[in-house]
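Dear colleague,

I am passing on the structure below, and would be glad if you could look through it alongside my notes. The notes follow directly after it.

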Amino acid sequence: MALFCFYCRDGEDSETLRALHLKEQRKHMAEHDQNYLTAGPLTNRKGEFVGSLLIIEADSEEEARAAVNEDPYVTGGVWQSIRVDKFEPVKGRWKDR
């Protein structure tokens with residue numbers, strides 16, 4: 001399996017939209033827990049949410065995207081852009097997984 005890094009940037013009114021979709025987003029993540037190596041918010045220097053970082057384990061980028069496409073933060077418009085890149089750890093705890 002490969003690792004795919006999803007760098008998700010918030011759009012306009014994301015604070016309101018995050019609050020609106022948080023419960024369903026957590027439910028979605030729990031239902032797809034086997035795909036997530038890690039996930040969490042990105043914050044700026046003021047501690048404000050600016051996006052999320054997800055690292056998904058999957059056989060292909062298409063499979064990784066399928067795990068994220070129905071996320072309420074995607075369907076609810078919290079994230080305005082998502083960049084996906086394959087991630088290959090060469091140092092640290094994940095390099096030998």
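Arginine 65 is partly exposed, with a relative accessible area of 35%, where buried means under 20% relative accessible area, exposed means over 50% and partly exposed lies in between, computed with a 1.4 Å probe on protein chains only. Its side chain meets that of glutamate 61 in a salt bridge, with 2.9 Å from N to O, a salt bridge being a side-chain nitrogen of Lys or Arg within 4 Å of a carboxyl oxygen of Asp or Glu. Glutamate 61 is likewise partly exposed, at a relative accessible area of 29%. Both residues belong to helix α2 and stand four residues apart, about one turn of the helix; helices (H or I, at least four residues) and strands (E, at least two) are DSSP runs, numbered from the N terminus.

Please keep in mind that this is a predicted model, in which local features need pLDDT of at least 70 and side-chain atom pairs count only at pLDDT 80 or more, while totals for chains, interfaces and linings use all residues. Residues are numbered from 1 along each chain as its sequence is written, and side-chain values use heavy atoms, with hydrogens and water left out.

By the rule given above, the count comes to three salt bridges. Side chains of opposite charge can pair when their charged atoms come close. Aspartate 10 and arginine 18 form one of these bridges, at 3.0 Å from N to O, and both of these residues are buried. Another joins arginine 83 to aspartate 85, with the closest N and O atoms 2.7 Å apart; here arginine 83 is exposed, with a relative accessible area of 54%, whereas aspartate 85 is partly exposed, at 33%.

Two or more lining residues come from each of α1, β2 (36-43) and β3, and the largest share, six residues, comes from α1. By class, the lining has nine nonpolar, three polar and two charged residues, with Ala, Val, Leu, Ile, Met, Phe, Trp, Tyr, Cys and Pro counted as nonpolar, Asp, Glu, Lys and Arg as charged, and the others, Gly among them, as polar.

The largest nonpolar core holds 17 residues, of which Phe4, Phe6, Leu54, Ile56, Ala64, Val68 and Trp79 touch the most other members; such a core is a set of buried Ala, Val, Leu, Ile, Met, Phe, Trp, Tyr and Cys residues joined through side-chain atoms within 4.5 Å. At least two residues of this core are supplied by each of β1 (2-10), α1 (14-31), β3 (49-58), α2 (61-69) and β4 (79-87), and β1 gives the largest share, four residues.

Aspartate 71 lies in the loop between α2 and α3 (72-75) and is buried, with a relative accessible area of 0%. Leaving aside residues up to four places away in sequence, aspartate 71 touches Gln25, His28, Met29, Tyr36 and Trp79, where contact means heavy atoms within 4.5 Å. Although aspartate 71 and glutamate 24 are 47 residues apart along the chain, their C-alpha atoms are separated by 8.4 Å.

Lysine 91, in the segment after β4, is exposed at 74% relative accessibility, and its C-alpha atom is separated by 30 Å from that of tryptophan 79, twelve residues apart along the chain. Lysine 46 is found in the loop between β2 and β3 and is also exposed, at 71% relative accessibility. Aspartate 13, in the loop between β1 and α1, has a phi near 60°, a positive value in a residue other than glycine. Most residues other than glycine have a negative phi.

With best regards
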